[in-house]
Amino acid sequence: MEQDTGPGCPPPSHGGAPPRRRPRTRGARAATALAAAAVALLGALAPAPLRATAAPAGENGPGTRPHFTPGPCPQTPEPVPGHCGTLEVPENRAHPHGRTVRLAVAIVPAASATPAADPVVFMEGGPGGDAFGNIPFLTAAGVNRDHDLIVMAQRGTLHSEPNLACPEVDRFYAQAVGLPLDAPSTGALLVRATAQCRDRLRAGGADLSAYNTTENAADFADLRTALHIDHWNVYGYSYGTDLALTHLRLHPRGIRSVAIDSVAPPPVVNLPWTWDSFREGIDAVFAACEAQPACRDRYPDLPQTLTRQVRRLEEHPLTLTARPPGGTTPVTVVLDGGALVDLVVAKAVPFADLPAALDELAHGNPQRFAQARAAGATQAVGEFAYGLKESVACSEWVPGYSRADLLAAGRRNFPGWPDTVLAQAPQLPFQYDVCHVWNVPDRTAVQRVTTVSDVPALVLSGTFDSKTGAGWGRYAARTLSRSTDVLIPGIGHWVVPQSPCAQSILASFLTHPTAPDTACAADLVPAPFTITPETETA
């Protein structure tokens, strides 16, 4: 929402350093309630083999009672630094004797030799992201410093059964780098790929209407109960904040604290909202450049530069060749106005380089953006669960706002931009057409609800976030009466892995939820922007 995960985006490309594997602590460790329960089960039960589809209740014992079964960890590029198992829950709780789904769970021990008794449970973004793939980011950021970390694959995602991946859509996105982003012919290809995925998943028995935030939140509540955890701390980012706030609203029991990072409040997540978030994030980037004399003098009037380039590329798209990062064979890419916007929103060019990249583009050198676009040609087929993404987006985000509403929001935020660009939500192109073929019921009445709570909450936002603008953190905090709202200057989407200060604040919050130490944020300023030699206009 994924060149950097946000509500409704394709798979993540995270900023900052590559993930590092955190060494496991040695020696004896006091076990938390979670670890104790899991170890006891590991000793008593043999790992249960996983099947391609979940069995009906009658074929699998009671079937309707959620239960956790210890078992081997999924095979991941970096081995899971802990022990694992599977949570089995109903696919659709309105039909408790129907199919079940199985969700992989990892329990990563705390780095501390004396961990706290209450673990942290992580809620992945997307929707549709691979939670297990982000364990290295979480451990490198110290989320498990003093608390055991629980990571569960959300229903429909990689390492859950069924897995609602859409290789058809992955292949479309690999092809789409060589197509105009907002051309109707491109949209038709996306809709066709989506329909093929929908037909395949339905033929396999998936109830696509059951892959929603309400069921997702209930899965986490069932996990806490199944693991016999009295209290836990919830940490979610991006769509995971939508999920965390829903979980807090519907299942408050046992929640000691909630940390939400890059906030997507359930009442406001919709397609027009994406233009509001982009406006806030890009304005912050340009204001930071203006505040640095070297950047201001070298790249004057960046808002107009962006506007001119969006208009120019939309009128005269560029067809180029570029080599994907790490690739050996160049691919053909098309840069139109919509593609430029999507690349900026996705932080496909790092913020520090964005003014320089826009200036180079204006002077006839589009290579930074071309190479960023080329990266999409190497999709990780089958890793991102478009089935969950479309089921959530089409039932919870899209209904209630028309195409005209989306266009009006674009025009309000970016007057003078071409309507062909503004008619597509950033990183959610042709979403109305996609939802028409996905065909799931409208759930907005039960999902667009404000969470009101006195559970201690930490609200983290990056000022450069163009996916979930920083102002939405303040919006969510208004009804969380014991919340601490923190802005991290110069950081984009998903703050904690990118900011040592945010990592320190999160650790302090988990220790003292009502009085975290936020002092480090007061002295932060955005990093210097890249300054390149001046060039002549091409």
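**Strands and helix contacts**

Mentor: Happy to, and keep in mind that this is a predicted model. Let's begin with a strand pair: the bridge partner of Val 89 is Val 101 in β3.

Trainee: How many bridges join β2 to β3, and which way do the strands run?

Mentor: There are eight bridges between β2 and strand β3 (residues 100–108), and the two run antiparallel.

Trainee: And what about β1 and β2?

Mentor: Strand β1 (residues 67–71) is joined to β2 by five bridges, again with an antiparallel run. Gly 71 stands opposite Cys 84 in β2.

Trainee: Is β2 mostly covered or exposed?

Mentor: Strand β2, residues 83–90, is mostly covered, with eight of its eight residues buried.

Trainee: Okay, helices now. How do α7 and α10 cross?

Mentor: Helix α7 (residues 271–291) and helix α10 (residues 337–345) have axes that come within 11 Å and cross at roughly 65°. Angles of 65 to 115 degrees count as roughly perpendicular, so α7 and α10 are roughly perpendicular to each other. Their crossing is left-handed.

Trainee: Which residues meet there?

Mentor: From α7 you have Trp 275, Phe 278 and Ile 282, and they meet Val 341, Val 344 and Val 345 in α10. The residues of this α7 and α10 contact divide into six nonpolar, no polar and no charged.

Trainee: What does the packing of α7 with α14 look like?

Mentor: Helix α14 (residues 403–413) packs with α7 at an angle of about 15°, and the axes are 7 Å apart. That makes α7 and α14 roughly parallel to each other, because angles under 35 degrees count that way. The crossing of α7 past α14 is right-handed.

Trainee: Which residues make that contact?

Mentor: On α7, Leu 271, Pro 272, Trp 275, Asp 276 and Arg 279 take part, and on α14 the residues are Asp 405, Leu 406, Ala 409, Gly 410, Arg 412 and Asn 413. The residues in the α7 and α14 contact divide into five nonpolar, two polar and four charged.

Trainee: Switching topic: where is Val 331 placed?

Mentor: Val 331 is in strand β10 (residues 331–335). Val 331 has a relative accessible area of 22%, so it is partly exposed.

Trainee: What does Val 331 touch?

Mentor: Leaving out residues up to four places away in sequence, Val 331 touches Leu 320, Thr 321, Ala 322, Pro 324, Ala 374 and Ala 377. The C-alpha atoms of Val 331 and Ala 370 are separated by 9.8 Å, with the two residues 39 residues apart along the chain.

Note on methods:
Residues numbered from 1 in each chain as written. Predicted model: local features only at pLDDT ≥ 70, side-chain atom pairs only at ≥ 80, totals over all residues. Heavy atoms only, no water. Axes fitted to C-alpha atoms, helices over the stretch in contact; angles between N-to-C directions. Helix = DSSP H or I, 4+ residues; strand = E, 2+ residues; numbered from the N terminus. Parallel < 35°, antiparallel > 145°, perpendicular 65-115°, else oblique. Left-handed = near helix turned anticlockwise from the far one by under 90°. Contact = heavy atoms within 4.5 Å. Nonpolar A, V, L, I, M, F, W, Y, C, P; charged D, E, K, R; others polar. Buried < 20%, exposed > 50% of the residue type's maximum accessible area, 1.4 Å probe, protein only. Pairing = 2+ DSSP bridges.
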